[in-house]
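Have a look at the model first, and then we can go through the pairs together.

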Amino acid sequence: MKICVISYDFWGYDQYIVETLRTKHIDAHHIKIADVTYADFSERAANAVSKIFLNKNIKAEKRQKFVLDSLEKLGYQDQILVLNPDTFDLSTLKQIRKCSDRLITYLYDSLDRIPVDQSKLELFDKIFSFDILDIQRYGFEKLTNYIYLPHLSCNIQNPETDLFYITSYDHKRVAFIKLLTKRLLELHLKFQIMVIGKKGWKHQLKNLFMTVPENLNILFSVKKISHKKLPEYYKNSRVLLDLTRENQYGLSFRIFEAMAMEKKIITDNKMIKNYDFYNPNNILVLDKTCSNLNRSFFESSYEKIPDIIYNNYTLDSWTKKIFQL
């Protein structure tokens, strides 16, 4: 069987899908459009001019061509999974449609956050979504994100920090983080929070000139943390924080990373209570004021998720469901 995964893959999750398929002796390939960048500064400048004066994105066209050229080299596929379908022109998706018996997509984001034209969605044989409201509204197939990290028992970890959080910059989340950190300080907890993104550059300048308390470690950075380094940060913390984006009602990858590493989770996502792995000892759903956050949650031991439930969320199970293996 030949399967191709086509995606932008900004955070580096999608490579694990292909690796898992290959363990099943499937001829799997990944076309990663994020690898298509500017050849040099002159090309970047030319694209900027083109977008302003001609309303034409040269880099986007270059990426569409890269996908079609790559598919031509790979040959006809039994199945093609397209992630981030919003990034493709309708004409490109129609060409991709011709290259496979089964064209499917998985929506990492809700349609409220990242709209996808109906004309594009109609090209897919199956549409999977992690977002509960989109599933109810549009009849998409329900499928959560997945556990891609190897399982690591909490008994062999020695965390030095109470809470860790890494997120892309969002002004509403930053406002809530300030409220949360006030509560964490009241409880005398040690934490590390990293906010990544170009929009956080003003905060990054403050980091250079401000001295912060030892237990108030908040870093604003424009530089992305390597995806492969994240487990080391996770291992050093007792609890991981997960804050939802606006108009998001599915479970982020943070939940499944916590499951793999047997970490407790603090989240503002009330939907998590509807899942079979929910355990109030392991998962604390914050109220709007963070007043329900207390030290006892950090001090009690993690309760292991039953294997029969845990295995349903692994990437092995995920690939079987989405590709009908």
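Is Glu186 buried, partly exposed or exposed? Glu186 counts as partly exposed, because its relative accessibility is 45%. Please keep in mind that this is a predicted model. In all, the structure holds 16 salt bridges, and a few of them are described below.

**A pair within helix α7**
- Glu186 meets Arg183 in a salt bridge between their side chains, with an N to O distance of 3.3 Å.
- Both residues belong to helix α7 (residues 171-186), where they sit three residues apart, about one turn of the helix.

**A pair within helix α6**
- Arg137 and Asp134 form a salt bridge, and their closest N and O atoms are 4.0 Å apart.
- The two are three residues apart in helix α6 (residues 132-138), so about one helical turn separates them.
- Asp134 is buried, with 0% relative accessibility, whereas Arg137 is partly exposed at 45%.

- The side chains of Arg97 and Asp125 form a salt bridge with an N to O distance of 2.9 Å.
- Arg97 is in helix α4 (residues 90-97) and Asp125 is in the loop between α5 (118-121) and β5 (126-129), so this pair ties together parts that lie 28 residues apart in sequence.
- Asp125 is partly exposed, its relative accessible area being 43%.

Definitions and conventions: Residues are numbered from 1 along each chain as its sequence is written. This is a predicted model: local features need pLDDT of at least 70, side-chain atom pairs count only at pLDDT 80 or more; totals for chains, interfaces and linings use all residues. Side-chain values use heavy atoms; hydrogens and water are left out. Helices (H or I, at least four residues) and strands (E, at least two) are DSSP runs, numbered from the N terminus. Buried means under 20% relative accessible area, exposed over 50%, partly exposed in between (1.4 Å probe, protein chains only).
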